[in-house]
Each structure stands twice: as structure tokens, then as C-alpha cells.
Amino acid sequence: MKKAGIIMIIGSLLLLGLFKFPLWNIMLGAPQYPDPLGMDIYIEGIKGVQEFDIKNIDGLNHYIGMKTIPEPKDMWEFQVFPMVIGVMVAIGVIIGLLGFFGKVSYKWFIGWFLVMSILGIMGMYDFNSWLAEYGSDLNPKAIMKLLNPDGTPMTYKPPLIGYQKMLNFDVDSWPAMGAYMMFVGMMLTIVAFFVGKKEYKKVAKKPILKTVTA
Amino acid sequence: MKRTINILVSLIMVAGLVSCNNGGDKKGNKGKGGLATNAAEKVYVAPGEHDEFYAFISGGFSGQLSVYGLPSGRLFKVIPVFSQDAEKAWGYNEETKPMLETSYGFVPWDDSHHPDISQTNGELDGRWVFINGNNTPRIARIDLTTFETAEIIEVPNSAGNHSSSFITENTEYVVAGTRFSVPIPQRDMPIKDYKGNFKGALSFISVDPESGRMAIKFQLMMPGFDYDLSHPGRDKSHGWFFFTTYNTEEANTLLEVNASQNDKDFIAAVNWKKIEEYVNNGGGIKVPAKYAHNVYDDETHTATSTMMNEVLTVNPLDVPGAVYFLPTPKSPHGCDVDPTGEYIVGNGKLSADLTVHSFTKMLAAIENKKFDGEAYGIPILKFEDVLAGTVKQPGLGPLHTEFDGKGNAYTTFFISSEVVKWKVGTWEVVDRQPAYYSVGHGMIPGGNSRKPFGKYFVSMNKITKDRYLPTGPEVTQSAQLYDISGDKMELLLDFPTIGEPHYAAGIPADIVAKNSRQIFKLAENKHPYATISDGGARVERKGNEVHIYMTMIRSHFNPDNIEGVKVGDKVFFHVTNHEQDYDVPHGISMIGANTSELLIMPGQTETFVWEPKQVGVWPFYCTDFCSALHQEMQGYIRVSPANSSTELKWSLGED
């Protein structure tokens, strides 16, 4: 299971990209912003695409009563996410190594993948509920209080994924480099599973072949 | 005298004849222009598209520098340089008042003439534009990252700073020659004793290659002629500078006649490298001279003015071989050097021909010491020995010549009101187009460099009469754009200009646009009265001075309610724009303030002074429509009687 172990290690290590590259990106374009404002969402915090984008988004958001974009210290997620990813990378590498030396079954690989998937879905769910809260928990003294056509107060939750028109803004929310690296990494752990399975079968068949030739 | 008048009369008659001839063309051309050809298409820059070139066109008696796009002829900005500009608080706010200081005190106006763009290796590098103030001699440097005036240096011993501000091919020097000769040092003496007693100072101002900072390296004290225009040698003639002269007669009255007597005046050829070496080895004489040196700092957002006390002068006779005179007919105006550096054109404005000198022949004549006498000890070369050729009868009143880098020259003719294209080397006229009317200078982007961008020619016209809708007795001056990419010039566009467009400098937009700044970083603001954080907003009293440390951001001032100001106080509004977003300036003004508004760019701090004269509650507001809540961006100051004990307090958002 040497090959599968190596693939498992590479797949896990690709998650380290999340410490360097953003997980998600939200861009806000408008007639006054031909060069759109943008937020890069990292597992450790939110940064502007350009130096002053966060300041400028906050500046605009104050008109509709949105809270300022949180600093890392304001959200537990930005402390926990890096730890979870760090631990999962470590576990993945250990499983890969153990697999490499034939100490654990290839089934551990898919097990890691399932745990990571569940954590990922939980993360997305948390992220989405933060977006919902951020977009709807508005200052009652907001400068502009807008209503939907049905009379309900307008909220400003950016889309979790995809494009949405919000007032004068074109909002695009898409996964970014970190997410793509995580996706490829997780896919590699599935590949590791199947490669491991194939290698296991070969190993299992070998004695049979031996007996035949014998 | 009578003879001269006769000549002038006949000149004017000839002018009449020529313009009659042109009249037919003009009538034929007018009104069909764009339809007959695809001229409209050539100048159309679609909404949202950008122009191909920047054109920096002098504002003449407006004292400023305008920024246009070519080929559209759209005006983008008027950069305040030598004149106060209430729109931008230039010369009104406390930060920029020092920029207009001179040895004569605060001078709120000047006459800006000849912009020139910085070069490296003879090619435009687009870092700075230099322009001269003609009346109270000054040179300004405009920074092309901010499009603001960064520095102004006064030129002492000079008067009518006209043969300026032309730069050498690595921006080693920006050169400023005097038009009027004057007594140096200035003294009380009869005007009629001018001859032999006045001097003409040619100033070589060094430019720091990194910072652009200017300093007067030396002044060459020349005979008392009028030094009209100048140009640096380039490429093979790099190291030389050429100045046209008129009034070599040294007349001091009725110059229109008395300075037009000599058949030939001179082009002065100055070997500045030789003089630089002389000066670097300790040569020259330091003389007392008062002149202001004003520098604006982008981090403190504040200018400082320093009064200088002496200048280094050089007597040309002390540096043998440094200066020669090239005889040139008659009262030459423009002095233009072709991109190869070989040809020096003297645009003899009262001559019917155009004289072109050869640099190679000049060197040979100097080598062989073939002199035709001397003037005040300066050798005069023989006209025939330095002449490269003559453009015969090209028009009337040649003023200035530009080059397209493809072997063609374009000369403007003031009297016959036309642009004439001729071939460098064969001197044959190949095309002519009328200008509407009385063209002064012309400009080809990069025309002052080794590498012109010979696609467009811009003529700058003094008179427009019927060309635009009338606007009372004062009508606009104008620029005209010609396509020179083909064999024949084609007039594409007329557009109005500010003040008087004496000259212009053009450059491909892509060299400059990428360096244009969007904001100033608040974190780098070192203004002594900046308010960097909202917590720093406050009001302080020092005797009868009240200093308001105010911030502005969409869409409020902090503080916006201030009490405790008294009649007789001097209130300083130190206002910092907290925006860090492109194109979000805010303005501020106070009712009854005896000064201009402030217009503050993101990250910048500016100051104006208000001296309240009446008790009451007085409003201030944002003067630049900044946001949807712009109308809400306002505040009040309570002014109490001088002897009141109203407590100083300030607030934002308190009920």
C-alpha cells in the first residue's frame, strides 16, 4: 500500500493550502465600483482583496445598518477552524504513513474522508448561518431601511455560492484557491482509498498465485 | 525708421494676400471637415474608453497647466501651479500658501508658458512636467503620480522667464533663460544706459534624479540681449544648449522697431557640460541673490518655503570654448533641435525664410576658429559656415518647429496662420494646412525628445473669432488637432483651451496612467495637525487661537457640534479625510469664511482659517457631493461674545 499511502499524505497536506490561500471570495461590484470591492475569507479571518476593501465595505454597510466585518478575535470560528484543519492534516498524514508501512487498512482513508466531509458540511452550515445573521441583524437606527416588495424588511445576506443582485451591488460569492486545494486534497484521499483497495487485493492474491505456480 | 515701417507695411500687405489665398481654402474646408472624411471617427473616444495620449497644455495668463486627452480634446484637469485656485484651495489653505511665496512676497498669479516632460536617455519617462512662470521668474515641477505641483523654485537675476523650461535628455537640468536683460545686481540707474550695462542670465537648474528636487547649479551671465526660446541638444549634440536671441541691438524703447534693425540676431550655443565641469572644479562667482525655493511634501501634505541667499554665476569669458553665437535672421523665436541632434532651427519670425543650422558644421567651424568677429568677447561663427539649409518662402512669421521622428518638420506660421510640413535635409515644403487663427506653438507628443510619437500635431491658436459660439468680447483661445500619420496633414478637431495655450507637452497615456495615485494612505499622513483616529478628534484653545482637529468620512464630520468659540478668535479647521477609497474627496467650508473651501483627498489633511465676527450659531458643510447622505454632512459652531465664559466643548452624535 505504498502508493496509496503517498497519495493519502499528499491529499492531506493539500489542506495546508487553507493557511495560505482564501477559502472563499465575495466580490461586490457597483456602478460606483467598476473595480469591485472584495473579501477573501480565510480560515483565520477575513481580509480585503485590496488594502482598504474591508474599510470601504464597512463604510458602505453602515448606511444599511450592518455590523462591521468581524476581526479574527470576534469569532470563535477563526480560532477553531485552523485547529481542526491542523489536526485533520496531522491525522491524515499519520494514517497515510501507517498505510505506507502497511500498519492500517485502506478503509481508514475513506474514514478520514467521511470525517472531513462532515466537518466541511458543518463548516459550510456555520458559515451560511453567519452570513444570514450578518445580513439580517441590522441596526434599528440604520440610515436606509428598505422593504421587500411584500413589505418585509430587506435583508442583505450574500449568497453562499453564486451571483446575486443586491441593491446597486452585483455580489459574486465563490470558492477560492484554498477551497479548491482542499477539494483536490479530499478527492486524492478517495483515490488513495481505491488505490489502497487495489493494492490490497494484489497482495491478497499473491499467495494464491504462488500456490498455483507451486 | 521709415524703411522699417515700409517693410512692416509690406509684410502686413503680404500677410493680407496670403490670407486671402487661404480664404478660399478656409471657406471650402469649414463646415465640411468631419463629414468629408472620417475625421469624426478618428477623434471619437467612446464613453468609458481612454485617450491614447495625455496633453499638458500651458494655461498662459491663467498661470496653470491643463491636462487634456488626445485625440478627443477632452479636458480632464486644470493643475494649479502659479495662480491661486479657490476650487482646490491652492494658495488659499495653510498648506499650499508657501508654494506661492517669492522674494517679492506672496505672488498669487503668474503667466505659465512652456511645459516639458522629464526624459531618460532622450526618451519621455513621464515622471514630471516642468513649466515656467514668465512674469515673476519661477520654474515649477509637477509630479505625475499626483498631478499636483510638487515644487516651485524662483529664478533670481532673471526677468521675463521665457526661454524656459526645457530639459536636457536625462533631466540633468531644467533650463531657464531670461527674456529681459536687467541690471545685475539690480540698482538705480538710467534706463537709457541699458546698452553694455544690462545682463541676460541663463540659469541651469539641476534636477535630482531620484526626488526631482531642483537647485540652481549656475547662472551664465550673457550680454544684454533678449533670450527668447531655447532647446537642448540631444543625442549627438547632447551637452549643448541653444538659445535664440532678439534685440541684439540692445534697444530699451520701442522695441518693435528698434529691436528689428539687425539683419541677423543670434542663436547662442552653450556647451553646458564644459561649464558644469568648470563649476564642479570650483569655478564661478557666488553672488548674493534672494530667491524662494518652495517644496510640497506628500506625507505632511504641507509645503515649506525657504529663502535662498546666493547663487553661483559664471562669466562666459571665463570658460573659453563654452559659448558661441550663430548668426540667425531675423529676431528668431523658436529654437528647435531635431531628434538626431544635428539640426538647429531658428524660426526667424520677421524673416520669410526658415534658417537651419548644422551641429556638425558648427563643431567644424569652432575647430577651425572661423569666426566673424565677436560680441562682448563671445566668438561669432560665420553664418555660411554653420548653415545647413534654408526652407525657402514657407510662409510668414515662423514661430516654432516640431519633428515627427520620420524626417519631417512642422513649422507654425503666426502671420500666415498655417502649419507647414517640410522635409529635414532637403528643406522642401511638402504640405501646408491653415490654422484658425494665428497659431503660436505646435506640439507633437515626444516632439522634444529623441523619440517623437508622430501621429498627431496640435496647433495652439491665439485667435478664434468666429470658430465657436460667441461669449462676449473675450472668446476662448484654442487648440487644433491634425492627423500627421499620412503624407498630408488632416485637420481633425478644434477644441477650446484655458487661458492662453503657449505650448504643450504630450506623452502616450500608458507611460503615465499606471503611476497615477488613487489615495493617500492615512497611516502615512505626517501632517502635524492630522487626526488619524476618530478618538483624536478634538478642539483645543491656545489664547485666542482655536484648533479644531476634525475628521470627515461618508457622511459626517467629527466633531459636528462645537461650542465655546468666541468673536475675535482665530479658528483653524484642520480637517483630515478618513476615506481610503478612490475618488471620494470631501470638501468643507464655513459660512462667511474669508477664504476658499478645502477640497481634501482621501488620507489628506488640510487647514483653513475662519475668524468669526458675529455671535450666533453658524453652519459648515461638505462642498463635494460625496455620497447619498452628502446633504446631511454638515455641522454647527456656536459663537459666543468675546467676554463670555461658554465652555469649549465638541461632540458628534450626542442628543
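Which residues does B:His502 touch, not counting residues up to four places away in sequence? I looked it up and got B:Ser58, B:Gly60, B:His113, B:His114, B:Gly440, B:His441 and B:Met460. Touching, or being in contact, is taken here as C-beta atoms, placed from the backbone, lying within 7 Å.

**Ground rules.** I noted that this is a predicted model, where local features need pLDDT of at least 70, side-chain atom pairs count only at pLDDT 80 or more, and totals for chains, interfaces and linings use all residues. Residues are numbered from 1 along each chain as its sequence is written, while chains are lettered from A and ligands numbered from 1 in the order in which they are written.

**More on B:His502.** I found B:His502 in the loop between strand 33 (490-496) and strand 34 (504-508) of chain B. Helices (H or I, at least four residues) and strands (E, at least two) are DSSP runs, numbered from the N terminus. B:His502 is buried, as 25 other C-beta atoms lie within 10 Å. The cut-offs, with C-beta atoms placed from the backbone: buried takes 20 or more other C-beta atoms within 10 Å, exposed 12 or fewer, and partly exposed is in between. I also checked B:Gly442, 60 residues away along the chain from B:His502, and their C-alpha atoms are separated by 8.8 Å.

**Confidence.** pLDDT is the predictor's confidence in each residue, from 0 to 100. Chain A averages 91, with 95% of the residues scoring at least 70. Within chain A, strand 3 has the highest confidence, at 96, and helix 5 (residues 177-213) the lowest, at a mean of 82. Residues 210-214 of chain A fall below 50, and this stretch has zero contacts in the model beyond near neighbours in sequence. Chain B has a mean pLDDT of 94, and 94% of its residues reach 70 or more. Its residues 13-29 are below 50, yet that stretch has 13 contacts beyond near neighbours in sequence. For the complex, I wrote down an ipTM of 0.84 and a pTM of 0.91 from the predictor.

**Where the chains meet.** How many residues of chain A are in contact with chain B? Five, and they meet five residues of chain B. The chain A side divides into two nonpolar, two polar and one charged. In this sorting, Ala, Val, Leu, Ile, Met, Phe, Trp, Tyr, Cys and Pro are nonpolar, Asp, Glu, Lys and Arg are charged, and the others, Gly among them, are polar.

**The sheet in chain A.** I traced an open sheet of five strands in the order 3-2-1-5-4, with antiparallel pairing. Strand 3 (45-48) and strand 4 (162-166) of chain A are at the edges with a single partner strand each, so one side of each has no neighbour in the sheet. Strands pair if DSSP finds at least two bridges between them. Strand 1 (residues 24-30) and strand 2 (residues 33-42) of chain A pair in the antiparallel sense over six bridges. I looked up one partner in strand 2 of chain A: A:Met27 is bridged to A:Gly38.

**Helix 2 of chain A.** Is helix 2 of chain A mostly covered or mostly open? Mostly covered, since seven of its nine residues are buried. Those are A:Asp53, A:Ile54, A:Asn56, A:Ile57, A:Gly59, A:Leu60 and A:Asn61. Helix 1 (residues 2-14) and helix 3 (residues 77-100) of chain A pack at about 170°, with axes 7 Å apart. Axes are lines fitted to C-alpha atoms, for helices over the stretch in contact, and angles run from 0 to 180 degrees between N-to-C directions. That makes the two helices of chain A roughly antiparallel (over 145 degrees; under 35 is roughly parallel, 65 to 115 roughly perpendicular and the rest oblique). The residues of this contact divide into ten nonpolar, six polar and one charged.

Most residues other than glycine have a negative phi, and most peptide bonds are trans. I noted the bond from B:Ile184 to B:Pro185 as cis, with omega near -5°. The bond from B:Arg554 to B:Ser555 is cis too, with omega near 0°. B:Phe147 has a positive phi of about 55° and counts as partly exposed, with 18 C-beta neighbours inside 10 Å.

Methods
Two residues are in contact if their C-beta atoms, placed from the backbone, lie within 7 Å.
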